[in-house]
Amino acid sequence: MNDHHQALPDHLVINVQRRDDPVSMVTEADAFAASRTYANVVIRGPLFGVAEQRRGERPRWRLITDMETGYPQDVRDELNSHLWFKAKDETDDPRERRALLDAVRRLETERVNELTVGDTRYRVVRADEFARVGEGRMEPPRPTDVDTEGWDPAVHSPSTTKGFVIDHAAAVGLPEGLDRMGLVPLTYTSERFPPDVLADSRRALHTHPGLVLLPVAFRVMERKELSWSMVSSQHPTPQDARRSLIYHLKTYLPMTREIDDEEAAVYARAADAFAERLRPNELEVRGRRFEIARIERMMRIGPAGPEGPRKSDVEIQEPTQLHPLMDEWGNVDYGA
């Protein structure tokens, strides 16, 4: 594949390079072992974010938001705010500010999935969240996943998704290359998905035949009788997810009155015991089982770059004005 990559479009190239350094060798062994234990892939559904492409960066794109919302309009609103504050704080050029504000006006009234402002192209992009399952559980963090330490709930690791460069032809190690090749034909098949979702999933194999894996993330999940439910949002490291589980048990549940004072004390003791263990990934309390799960996300790539929202993706909001009016000189009308 390396011998011919110059002759092929980037979205069809998977550039695998052998890496012989000790860290890469251990990571590869870890990945192959995990693929045997957690051999099944379960797709949860789509996630959306915003990517930008500046002049001279083609065909690469860069994520400017986290991929963590299930609705396209949420990230259109994020792009709206990104451009508004860029107009307010990052330029003194009236023409540049006017172009940014014109883009904001469009985002206030239209479901725009791509627009260009100056030399920067913005796109609402789509990825599918999935997890690997085996032996009756979701895959936990791997020993070689980057992790942090400490239990201070105010500590949050920086995002590994925001700033990620989407480059289909970038060199990857053998496990990721094999992973991507195996995931390329993956589509939605569950009967829980409507027919139009299944049809769009099959169509994407032809319109966006390439595939990029985003940085892994971690969630707190609760094991139910026949499924799992999400307890937390995505986190960049396992320890961030563990800290969120402590918060959930000791602060969130009592605050929302889901448990009484007696139960709250039981949950607090369980959380304290959990924090005394070394890199724990499971907790059982009052008949409930919580797990730290390793979450992956795949983004499909076509000739023009990363896939945007599909017609069958759920839209529950309309565009709206989020910020006060501003003129090209930077004067903000906050109203009476």
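Me: What volume does the second largest pocket have?

Reply: About 460 Å³. Bear in mind that this is a predicted model. Of the 23 residues in the lining, the closest to the pocket centre are Val-42, Ile-43, Arg-44, Arg-192 and Trp-228. Strands S1 (40–54), S4 (120–134) and S9 (228–230) each supply at least two lining residues. By class, the lining divides into 15 nonpolar, 5 polar and 3 charged residues.

Me: Trp-228 has a charge over its face. What makes Arg-223 count as lying over the ring of Trp-228?

Reply: The distance to the ring centre is 4.2 Å. The cut-off is within 6 Å, along with an angle within 35 degrees of the ring normal. Arg-223 is listed as lying over the face of Trp-228.

Me: What is the volume of the largest pocket, and which residues lie nearest its centre?

Reply: The volume is about 1,100 Å³. The lining has 41 residues, and Thr-27, Arg-142, Glu-176, Val-216 and Arg-294 lie nearest the centre. Helix H1 (22–37) gives the most, with 8 residues. Helix H4 (174–183), strand S7 (210–213) and strand S11 each supply at least two as well. The classes are 19 nonpolar, 9 polar and 13 charged.

Me: How many cavities of 30 Å³ or more are there, and which residues line the largest cavity?

Reply: The count is 1 cavity. The largest cavity has a volume of about 30 Å³. Its lining includes Ile-43, Asp-128, Tyr-188, Ser-201 and Arg-310. Helix H5 (195–207) and strand S11 (288–302) each supply at least two lining residues. By class there are 5 nonpolar, 2 polar and 3 charged residues.

Me: Why is the pair of Trp-84 and Phe-85 called edge-to-face?

Reply: The model has 3 aromatic pairs by this rule. For Trp-84 and Phe-85, the ring centres are 4.9 Å apart and the planes stand at 85°.

Me: Asp-200 sits in helix H5. How do you know whether Asp-200 is buried or exposed?

Reply: Its relative accessible area is 11%. The limit for buried is under 20%, so Asp-200 is buried.

Me: What makes the pairing of Asp-200 with Ser-312 a polar contact?

Reply: The two side chains make the contact at 2.7 Å. The cut-off is within 3.5 Å, so the distance passes.

Me: Last one. Where is Gln-321, and what does its side chain lie close to?

Reply: Gln-321 is in the loop between strand S12 (305–306) and strand S13 (325–326). A polar atom of its side chain lies 2.9 Å from the backbone oxygen of His-323. Gln-321 has a relative accessible area of 46%, so it is partly exposed. The C-alpha atoms of Gln-321 and Ser-81 are separated by 10.0 Å, although the residues are 240 apart along the chain.

Technical notes
Residues numbered from 1 in each chain as written. Predicted model: local features only at pLDDT ≥ 70, side-chain atom pairs only at ≥ 80, totals over all residues. Heavy atoms only, no water. Phe/Tyr/Trp six-rings, centres within 6.5 Å; stacked < 30°, edge-to-face > 60°. 1 Å grid on protein atoms, 1.4 Å probe; cavity = no way out; pocket = protein on both sides within 12 Å on 5 of 7 lines; lining within 4 Å. Points joined across faces, edges and corners; volume = space filled by probe spheres on them. Helix = DSSP H or I, 4+ residues; strand = E, 2+ residues; numbered from the N terminus. Nonpolar A, V, L, I, M, F, W, Y, C, P; charged D, E, K, R; others polar. Buried < 20%, exposed > 50% of the residue type's maximum accessible area, 1.4 Å probe, protein only. Polar contact = N/O pair within 3.5 Å; in protein donor to acceptor, adjacent residues only side chain to side chain.
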